[in-house]
Amino acid sequence: MSETTKKTNQESLDRSIDLGLDQFGRFVKLRWLWLAISAVIIWYWIVYIAPQLTAPSPGAILLYVFQIVFAILFGIMQFVAIFWFLGRPRLYWVMPGETGVTFDDYKGNPEVLETARRIVQLLQGSKELKDMGGTAVRGLLLTGPPGTGKSYLAQCMSTEAGVPFAYASAASFRAMFIGMDILMIRNLYNKARRLAREYGACVIFMDEIDAIGGSRNQGNGLGMGGGALGLFGGGTGGLNQLLMEMDPPNIETGWFRKILRTLGLTHSRVQNQPVLTVGATNIPDSLDTALLRPGRFDRRINVAPPTDKYRPEVIEYYLSKIKHDPKISIAALSQRMVDYTPVAIKHVVNEATIIAVFDGRDMVTYKDLIEAQDVHEFGLRQLSELTPVERRRLAYHEAGHTVACYYLMERYFPAFVTLHKHGDLEGAAAFAAWRQKETIVTLSKQDILARIQVSLASRAAEELFLNVNLSGVSGDFASATQMAAAYVGAYGMDGTITSYLAFTGNIGTSPLSLPGLAERTEALLQAQFKAVKKLFQEHSEAVIAVADALIERDELVADEIKRLIDEADARQVAKTVLSEFEPLLGSNGHNGADSLLLTDGHSDGSRSLTTPHTNSTPLNSETDSTQSIVEYNPYLFGDDLGAS
């Protein structure tokens with residue numbers, strides 16, 4: 001035999017030995033349970049049976065087996081009990097048929113609803129998709145402001161698909177001990193896969209998923225001692241487990257098939273069960289990038305508040321659930337509830353029902369809805385004990401804002417004015433508020449100038465009708481200056497292009513330090529102040545009417561404000577017409593329209609003030625506009641606390 005042949009035979013023998021050892025190792029790994037049982041039996045035979053040379057009785061054998069099994073189970077159950085109590089997340093299951101929420105109950109976002117319908121079809125198992133080799137969507141991320149109906153949409157999807165629905169708070173997976181969050185997430189998905197095998201699919205909804213899905217680059221270390229103590233949990237273990245469960249490898253999840261596979265009785269291909277994970281968050285930018293990749297969250301839907309077109313159907317849907325006056329105008333309510341989420345609309349309708357019940361009525365009226373909306377936005381009223389002087393000053397201050405808003409802001413309407421504090425508006429002794437008539441995205445030059453005039457209207461009313469300057473205008477002046485500076489130095493609406501925003505990143509640079517910006521801003525403010533003064537001189541009856549009504553009633557709502565101003569305008573027109581005909585009627589020529597009787601709020605005396613001549617700057621015509629980037633509250637004007 002040649003050396004080559006001997007070498008080849010030796011290599012073949014070595015490979016055979018290696019293969020045999022590998023197979024034996026695999027046999028030991030897969031049949032360790034049978035080997036352990038066999039070792040116990042052999043040990044029992046050597047220790048008890050062989051020395052006695054007599055076989056023990058069947059009862060003794062059963063007793064020994066029972067003792068061994070009891071000892072093993074007792075030790076196991078202690079750990080099982082501990083982990084069972086610690087490894088239970090806060091969640092509840094809604095099985096098919098247990099909820100009546102369907103797509104017919106979801107209103108206000110037809111585009112979102114259509115996307116949800118498609119996902120449900122994929123979840124149910126589209127034959128065309130399978131024939132083409134596609135797979136169902138595994139993850140859906142719902143983003144948007146609070147109250148837009150993200151969890152509601154997830155429930156609708158589960159009901160329409162006819163599959164189990166698990167509602168879980170992501171914060172409940174943050175466990176005290178290391179590994180508990182991993183165990184909870186694994187148990188959740190194991191149960192979801194078992195239900196998916198039974199019902200065809202399963203939906204897991206995780207609310208506020210950013211609680212466990214936060215980016216690992218933001219310094220999420222171990223909390224409460226973490227790995228140093230080896231006891232307290234934190235870190236990113238839960239996130240890592242969630243990443244694996246959302247995109248799992250091909251592993252067997254059923255316990256029966258696991259036993260068969262361990263015994264070597266099955267070698268079939270593992271099938272991943274269709275489990276859809278729906279996450280909801282208000283801050284999607286904080287999520288880890290690995291969580292957002294395709295294969296985990298395949299789809300992302302932004303659930304926004306209903307637009308002007310679809311808001312009426314949301315209002316009508318919730319009104320249909322209560323007894324209400326059929327004459328209530330849905331269009332008027334929609335105009336008042338711009339940017340309201342479905343949850344906010346539902347809350348206002350429910351609060352209106354509560355108001356009607358406590359008033360002893362069995363039907364909700366339009367007035368109830370208005371009152372409920374005011375409480376929702378401004379909080380509970382806190383009655384103010386005002387002296388006559390303070391009441392008069394605050395009344396003319398807020399009447400100035402209200403009347404200016406009525407005449408100047410075409411896309412808004414004055415909605416509420418009060419002399420009392422409200423719980424949600426700390427720091428305001430009194431305030432006037434307005435609401436949008438439609439969804440507003442951009443502001444024109446005239447819109448900005450109108451807002452500046454409305455801010456300055458409080459000082460104009462004080463000077464014209466009280467002949468005083470009060471300290472309550474500090475917030476109004478700040479808002480007006482901010483808008484005027486943006487008009488000149490950010491929006492380029494005064495003919496210049498240089499923007500102070502290009503220099504705001506430089507340390508120590510103030511926007512008003514740019515050449516000419518402070519002077520141009522002051523000139524704009526003075527011009528608009530003169531313009532709003534002229535407006536009040538032309539509509540003095542309206543300002544006086546609103547102020548007197550405030551002094552008498554303390555609060556006015558939109559309908560009352562409109563009626564007072566319209567009636568005052570009618571009186572003013574009548575006076576003007578009569579004054580023109582006085583010379584023909586033989587009058588002495590006195591024209592009462594040229595002077596105003598004004599008081600300063602301090603004494604009982606009065607004086608005649610001739611209407612001053614003003615050269616107001618006309619409002620600029622509307623051109624290309626940009627969205628406001630200056631932060632201020634565009635719906636509220638309040639007299640600061642401590643004004644006197």
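# Close-up views of a predicted model

**View 1. Strands S1 and S3 at one side of the sheet.** Strands S1 and S3 are joined by four bridges and pair in the antiparallel sense, where two strands count as paired if DSSP finds at least two bridges between them, and where strands (E, at least two residues) and helices (H or I, at least four) are DSSP runs numbered from the N terminus. Leucine 91 has alanine 168 in S3 as its bridge partner. This is a predicted model, in which local features need pLDDT of at least 70 and side-chain atom pairs count only at pLDDT 80 or more, while totals for chains, interfaces and linings use all residues. Residues are numbered from 1 along each chain as its sequence is written, and side-chain values use heavy atoms, with hydrogens and water left out.

View 2. Six strands form an open sheet with mixed pairing, in the order S1-S3-S4-S5-S2-S6. Strand S1 (91–94) and strand S6 (299–302) are the edge strands, each pairing on one side only, and the twist from one strand to the next averages 20 degrees; axes here are lines fitted to C-alpha atoms, for helices over the stretch in contact, and angles run from 0 to 180 degrees between N-to-C directions. Helix H7 (residues 180–199) packs on the sheet and touches S1, strand S3 (165–169), strand S4 (202–207) and strand S5 (275–281), contact being heavy atoms within 4.5 Å. The direction of H7 makes about 150 degrees with that of S4.

**View 3. Parallel neighbours within the sheet.** Strands of a sheet pair through backbone hydrogen bonds, either parallel or antiparallel. S3 and S4 pair in the parallel sense over five bridges, and phenylalanine 165 stands opposite valine 203 in S4. Strand S2 (residues 139–143) also runs parallel to S6, to which four bridges join it, with leucine 142 opposite isoleucine 301 in S6.

**View 4. Aromatic pairs.** The structure holds 13 aromatic pairs, in which rings of Phe, Tyr and Trp (its six-membered ring) have their centres within 6.5 Å, with planes under 30 degrees apart counted as stacked, over 60 as edge-to-face and the rest as tilted. The ring centres of tyrosine 92 and tyrosine 167 are 5.4 Å apart and the planes lie at 25 degrees, so this pair is stacked. Because tyrosine 92 lies in strand S1 and tyrosine 167 in strand S3, the pair ties together parts that are 75 residues apart in sequence. Ring pairs link Tyr92, Phe165, Tyr167 and Phe205 into a cluster. Tyrosine 92 counts as partly exposed at 42% relative accessibility, given that buried means under 20% relative accessible area, exposed over 50% and partly exposed in between (1.4 Å probe, protein chains only).

View 5. The rings of phenylalanine 416 and phenylalanine 431 have centres 5.8 Å apart and planes at 45 degrees, so the pair is tilted. Phenylalanine 416 belongs to strand S8 (residues 412–418) and phenylalanine 431 to strand S10 (residues 428–436), and the pair links these distant parts of the chain, 15 residues apart. Phenylalanine 416 is buried at a relative accessible area of 4%, and phenylalanine 431 is buried at 0%.

**View 6. Buried cysteines.** Cysteine 156 is buried at 0% relative accessibility, and cysteine 405 is buried with a relative accessible area of 1%. A search of the whole structure finds zero disulfides, a disulfide being a pair of cysteine sulfur atoms within 2.5 Å.
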